[in-house]
Amino acid sequence: MADLVLKRLDAQFASPIILASGPAGFGVELAPALDLPRIGAITTKTITIEPRTGNDQPRLVDCPSGALNSIGLENPGIDAFARLAHSQMRELPLRRILSLAATSPGEMETLAVKAAKLSGFDAIELNLSCPNIGGKITGADASAVREYVRAAVGVTSIPVLVKLPGDTGNLLNSSESALSVGAAGLTLINSVRGLRIDWTTGRPFLSRTYGGLSGPAILPVSLARVFEARSAFPEAVIIGTGGVSDLGSAIEMLMAGADFIGIGFGLMVDPELPQKLAVELDKWLDEREMVSVQEIIGLAHSGGFDVH
Ligand SMILES: Cc1cc2nc3c(=O)[nH]c(=O)nc-3n(C[C@H](O)[C@H](O)[C@H](O)COP(=O)(O)O)c2cc1C
């Protein structure tokens, strides 16, 4: 058996497969369908300081090779999460990443102080890239990124990751800002702003008109972002998220330079996808007599395999 274990962020992860923020909720409902010990980590649905009911329905529509959503960060707020879901989540036998979003650096600091009191998390992921809450996308503004990251890093000792947009702003400038003030890594990318119109009525499908596109349709976008970020920041931990739906796309993401592969939409199509990917990846590496998944991370930057 090849070794899928990765040591990153001061912890050991069972595999590079990570449940991306959103579709997995807090993992509790999904747990019976999942082979949790094979999964590297779960990222919580993004949590805010106050509860949010999210956007009005309709807020999800099918697309060729994906879906457009405008959920709008529906969540119970950090205090209710701490009271209700946190203890159940802490029992799940896998590593956990806490996703947070705030409307100002000050609010992020308050949120991160509360988050730091919750045990059982291996990293905090700052969602600076939600396309569905109106206003500017923080992750597109490198100086704002610096302030949000500084606010969180200053009040917690666990590693801070930053989730950035793939379709707006200058990704490398935002990444540089985040890493320069102490972020341990990058999660690339969030869903990509899109629109669908019901051509029988002439109206946009979603209540908020625009939504975020997820699924195989965005794979080339996420691969490009991961590839360029890995070239620029060889030491940063990168969770490559966007469009991974099968073994081939998971391997592509690793070869582009991702340490971890985030699975969002793929989980909505097949809740067993994460463990299938772990099993298939293991087998694929074995067949090629590779001892560790480490051997293919970033391979596309070094000329690929030697072909004899
Ligand atoms: C229904 C749904 C809800 C999501 N909610 C969040 C969220 O709360 N926070 C976040 O950072 N990303 C959220 N995302 C984005 C995903 O984590 C991921 O970045 C994006 O969908 C691209 O990956 P994918 O193609 O594997 O889905 C959501 C995605 C979907 C489909």
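**Strand pairing, cysteines and helix packing in the predicted model**

Strand β5 and strand β6 (residues 66-69) pair in the antiparallel sense over 4 bridges, where helices (H or I, at least four residues) and strands (E, at least two) are DSSP runs numbered from the N terminus, and two strands pair if DSSP finds at least two bridges between them. The structure is a predicted model, in which local features need pLDDT of at least 70 and side-chain atom pairs count only at pLDDT 80 or more, while totals for chains, interfaces and linings use all residues. Residues are numbered from 1 along each chain as its sequence is written, and side-chain values use heavy atoms, with hydrogens and water left out.

The pairing of β5 with β6 belongs to an open sheet of 4 strands with the order β5-β6-β14-β11 and antiparallel pairing. Its edge strands, each of which pairs on one side only, are β5 (60-63) and β11 (192-195). From one strand to the next, the twist averages 40 degrees. When neighbours within four places in sequence are left aside, R193 is in contact (heavy atoms within 4.5 Å) with D167, Y210, G211 and G212.

With a disulfide defined as a pair of cysteine sulfur atoms within 2.5 Å, the count comes to 0 disulfides. C63 is in no disulfide, and the nearest cysteine sulfur, that of C130, is 16 Å away. C130 is likewise in no disulfide, its nearest cysteine sulfur being that of C63. On the accessibility scale, buried means under 20% relative accessible area, exposed over 50% and partly exposed in between (1.4 Å probe, protein chains only). C63 is buried, at 15%, and C130 also counts as buried, at 13%.

Helix α5 (residues 219-232) and helix α6 (residues 247-256) have axes that come within 8 Å and cross at roughly 25 degrees; axes are lines fitted to C-alpha atoms, for helices over the stretch in contact, and angles run from 0 to 180 degrees between N-to-C directions. The two helices are therefore roughly parallel, given that angles under 35 degrees count as roughly parallel, over 145 as roughly antiparallel, 65 to 115 as roughly perpendicular and the rest as oblique. On the α5 side, L219, S222, L223, V226, F227 and R230 meet S249, E252, M253 and A256 of α6.
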